[in-house]
Amino acid sequence: MINGKQLAEERIQALKEQVSTMPQKKIGFIVFERTYATEQFVNIKMKIAEKIGIDAEIVEYDDELTTEAAEDFVYAISAQYDGIVVQLPLPPQLDTQVILNTIPLIRDCDVLSDIALEAYAQGRIEAMPPVASAVHHILASINVDLAHKNIVIVGNGRLVGSVVSRYFKRQNIAHTIITETTPQHEYTSALKHADIIISGVGKPHLITPDMVKQGVILIDAGTSEQAGKVAGDIDPACYEKASYYTPVPGGVGPLAVVGVFENLMKS
């Protein structure tokens, strides 16, 4: 098992040392709709901010929920912070990408605006999308040579698949993306022959033991709720076949959160 909490704690200690030698930075977590899930995610980030020694605020938006109004709000408050995070997911009536694009490049700690993603893809900024950073640290922790590995990314979403793909492209590492629109025989074959599977779909236990080979490395960045508990995309029964795996919770998540604050320090 790859212990994401332990790896995250090492990164937190490094950030604490960095923060102690630099001017104070301030980050704002913007919440457009308070739900149980968003509350949990933001509280985790606030606790880690306190642990590192970073000034953090939760900024709740309680006006009319329209894309235009949300854009104006993000733009208006962005100058008050060194870093901005818009807590996802947003309510369905809001255009998520339009709102993310309002975040100035130098304050985009999630690296999710179109400008930030393009700058990252081209190697023009040091900041990394947090999940891509998490995958980087996980793979580095097991010292795996990626050059000759068959790498499969399941899902091509904004938070996981697309940014992890950009990370591999920057390293000139070959990989395959499969989604729900991939023909079934290609989907099944890709998983069965994969040396490394990185999944970020958000469907509980989507990947089962019969779909993967012995010795596979499993990195589960998909989270969803099942029977009142957080579940990953990968059925825990797959772990017996894996050489390495990240659990859910406690795998990718803690490292991704730390990645937000690493980006803040680079801003």
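Trainee: Why is Arg34 called partly exposed in this predicted model?

Mentor: Arg34 has a relative accessibility of 39%, and since buried means under 20% and exposed means over 50%, with partly exposed in between, the value of 39% places Arg34 in the partly exposed class.

Trainee: How do you know that Arg34 forms a salt bridge with Glu60?

Mentor: The closest N and O atoms of Arg34 and Glu60 are 2.7 Å apart, and because the rule asks for a side-chain nitrogen of Lys or Arg within 4 Å of a carboxyl oxygen of Asp or Glu, the pair counts as a salt bridge. Arg34 lies in the loop between E1 and H2 and Glu60 in strand E2, so this pair ties together parts that are 26 residues apart in sequence. Glu60 is itself partly exposed, its relative accessible area being 42%, and Arg34, Glu39 and Glu60 are linked in a network of salt bridges.

Trainee: What makes Glu57 and Lys26 a salt bridge, and which parts of the chain does the pair tie together?

Mentor: For Glu57 and Lys26 the closest N and O atoms are 3.2 Å apart, and because the cut-off is 4 Å, this pair also qualifies as a salt bridge. Glu57 belongs to strand E2 (residues 55–60) and Lys26 to strand E1 (residues 26–31), so parts that are 31 residues apart in sequence are tied together. With relative accessible areas of 29% for Glu57 and 24% for Lys26, each value falls between 20% and 50%, and each residue is therefore called partly exposed.

Trainee: Why is the pair of Glu9 and Lys51 said to link distant parts of the chain?

Mentor: Glu9 sits in helix H1 (residues 4–19) and Lys51 in helix H2 (residues 36–52), and the two are 42 residues apart. Glu9, at 28%, and Lys51, at 41%, are both partly exposed. By this rule the count comes to 7 salt bridges.

Trainee: What makes Ile27 a member of the largest nonpolar core?

Mentor: Membership requires that a residue be buried, and therefore under 20% relative accessible area, and that it be joined to other nonpolar members through side-chain atoms within 4.5 Å. Ile27 is among the 56 residues of this core and, with Ile54, Val164, Phe168 and Phe261, is one of those touching the most other members. Helix H9 (residues 252–266) provides the largest share of this core, 9 residues. Beyond its neighbours within four places in sequence, Ile27 has contacts including Ile54, Val85, Val260, Phe261 and Leu264.

Technical notes. Residues are numbered from 1 along each chain as its sequence is written. This is a predicted model: local features need pLDDT of at least 70, side-chain atom pairs count only at pLDDT 80 or more; totals for chains, interfaces and linings use all residues. Side-chain values use heavy atoms; hydrogens and water are left out. Buried means under 20% relative accessible area, exposed over 50%, partly exposed in between (1.4 Å probe, protein chains only). Helices (H or I, at least four residues) and strands (E, at least two) are DSSP runs, numbered from the N terminus. Contact means heavy atoms within 4.5 Å.
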